[in-house]
Amino acid sequence: MPSTTAASKPGKTSPNTAIDIREALGGLRQVFASVLAISAIVNVLALTGALYMLQVYDRVLTSHSVPTLVALTVLVVGLYLIQGILDVLRGQVLIRLGARINRRLSPLAHTAVLHLPLAGLSATDATQPLRDVETIRSFFDRQGPVALCDLPWIPLYLAFVFFLHPWLGFLATTGLLVLIALTGLSERTTHRLQAQARTTDSAQRDIASAHARNAEVLRAMGLGARASERFRDANAQHLAVQTHAGDVAGTITGVTKVFRLMLQSAILGLGAYLTLQGQITAGVIIAASVAATRAFAPIENAISHWKSFIAARQSYQHLKKIISKLPDTAAPLDLAPPTKTLDVDDILVAAPATDKASQQLILHNISFTLTAGQGLGIIGPSAAGKSTLARAIVGVWPAARGAIRFDGAARERWSIEKLGASVGYLPQDIELFGSNIADNIARFDPDAEANDIIAAAQSAGVHEMNLRLPDGYETTLGPDGQSLSAGQRQRIALARALYGEPFLVVLDEPNANLDHAGDAALHDAIQSIRQRGGIVIVIAHRPSGLGAVDMVAVLADGRLKEFGRKDEVLRKVLQQPIAAKAS
């Protein structure tokens, strides 16, 4: 077994460890408690207007006392100022609470974004967790949380109205129950429509993303009009759902507003009747109207912000579900970097899929061993499973059975970050990051040395090309490196795979976009890896890709048909068609 160090202990959580979303939000209860405390004071102070009107109509107007009016007015102004300051403070606390939640959840959401494409989701669906976090944060920027904080204090206003007169209290309570029923109706309808809107929005985003990736094909083959029509259909379906949702929400909001106005007038009318009967005073009419209006306000406010509340709740539930499914890995003991062997031990591999029942095995019982200094070329017909094998070896796709071992230890015995430094990977589809060339080659290593970056570039034969660019290694690339040719992107990605002289380098069709000079540089790079004691695996369709390897594996129908020395395997492969013809 390789030697170990005490740098980390078993059970220590790694940055990729999935944790419960409630744990991520732990420590925010005090903030919520402070918001609720401020809301309690604000809502008690909200009775200031009702009490002021009651005193003015029933005491000042009957006593004709100007000093009493002045004293009441000064007191009320002071209370209003305190209420306003606390209301502003509450809004600022909620905004900062949303920002803090964003800071807590964004790293988890980004971890999910890195994990979901490997689980079979599209790039558009994979970024949904980040949009979920932003939806939750934006909810706190609006007045919706204020309405939720005010809802528990509705009984206070109703109790005040009951204190003024029971009939007024019964009328206000009945009206409030109707408003709550409208809120429930809004909940049932908007929840379903929001779910449909999420689905149609994802569909149109997928179409737009696919069209952007295939812009050249669409232009060259005159498919732009068809693509636009396809997107218009998806967009029209999304707009139809959104419009329907907006119509429903708007209708309920409008009905609620009209009903509330009618209810306020009904309270005034009932108050006038009770005054004529001599049961209450004129001040009670105004005070009851003001208090009832304050009681209705949180319900109406909640209905008007119900759409954002539903969106935030759905985003929270979706994010909670996604984060709960992230792999919960404890960082193992730090093993020494691998330097000796790579064992592929009887692995079965299936393409990731969101529906586990629909997964189909691609690779069956693949086993072989490579030692330091060896180079393996993997050949076979299309759909034989060559790229799948490459993904399994570097850990992109997990093996359903069996293990990938380095120096005798399963790859899971290393943390992803530790083992990643010993692995170089050049996938078939090249993707570069929107930064400069040096960052792309250095894998965004903040401690990267210039000599190491240049060495990797020279090994990939891209150093001179980099020097000819306007800003050299500091040249900023566009999205996916679109400012470069396909061959240039492939050679920079090769330099990234070679950076840091990793023990294992896996190259999936590395010469697909290379010219003669690029082929020569690739040949030299493979030889260099082997000479320094590394292992290199090359998936190739062109013979030039096998020039620097000493071992060859033949895949067909997801099974390993041949494995051995290059000359022996190629001789068998060439003889098979002749033998088949003779038989």
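**Entry 1: a cut-off before I start**

I call a residue buried when its relative accessible area is under 20%, exposed when that value is over 50%, and partly exposed in between. I keep in mind that this is a predicted model.

With that cut-off in hand, I looked at strand S5. Gly375, Gly377 and Ile379 lie on one side of S5 and Leu376 and Ile378 on the other, and all of them are buried, which leaves both faces covered. Five of the five residues in S5, which spans 375–379, are buried, so the strand is largely enclosed by the rest of the structure.

**Entry 2: the neighbors of S5**

Which strands pair with S5? I found strand S10 (residues 535–539), which runs parallel to S5 and is joined to it by four bridges. Strand S11 (residues 551–556) also pairs with S5 in the parallel sense, again over four bridges. To find my place on screen, I used Gly375, which stands opposite Val536 in S10, and Ile378, which has Ala553 of S11 opposite.

**Entry 3: the whole chain**

Next I stepped back for an overview. I counted 21 helices and twelve strands in the chain. Of its 583 residues, 45% are buried. I also checked contacts with a separation of 6 or more, and 76% of these join residues 24 or more positions apart. The accessible surface is about 29,400 Å², and carbon and sulfur atoms contribute 59% of that.

**Entry 4: an antiparallel sheet**

I then traced an open sheet of four strands, in the order S4-S3-S6-S7, with antiparallel pairing. Its edge strands are S4 (361–371) and S7 (409–410), each of which pairs on one side only. As a reminder to myself, strands of a sheet pair through backbone hydrogen bonds, either parallel or antiparallel.

Inside this sheet I looked at S3 (residues 341–350) and S6 (residues 399–406), which run antiparallel and are joined by six bridges. Leu348 has Arg401 in S6 as its bridge partner.

**Entry 5: Leu361**

Leaving out residues up to four places away in sequence, Leu361 touches Leu348, Val349 and Ala350. I also noted Ala351, ten residues from Leu361 in sequence, with 7.1 Å between the two C-alpha atoms.

**Entry 6: a nonpolar patch on the surface**

On the outside I came across Val66, Val70 and Val74, which form a nonpolar patch with about 280 Å² of accessible area together. Val70 belongs to helix H4, which covers residues 66–115. At 47% relative accessibility, Val70 counts as partly exposed.

In soluble globular proteins, nonpolar side chains tend to be buried together.

Key: Residues are numbered from 1 along each chain as its sequence is written. This is a predicted model: local features need pLDDT of at least 70, side-chain atom pairs count only at pLDDT 80 or more; totals for chains, interfaces and linings use all residues. Side-chain values use heavy atoms; hydrogens and water are left out. Helices (H or I, at least four residues) and strands (E, at least two) are DSSP runs, numbered from the N terminus. Buried means under 20% relative accessible area, exposed over 50%, partly exposed in between (1.4 Å probe, protein chains only). Contact means heavy atoms within 4.5 Å. Accessible areas come from the Shrake-Rupley method with a 1.4 Å probe; for residues, only the protein chains shown count as cover. Two strands pair if DSSP finds at least two bridges between them. Patches are made of residues with over 30% relative accessible area and no salt bridge: like charges are joined within 9 Å, nonpolar side chains (Val, Leu, Ile, Met, Phe, Trp, Tyr) within 5 Å. A salt bridge is a side-chain nitrogen of Lys or Arg within 4 Å of a carboxyl oxygen of Asp or Glu.
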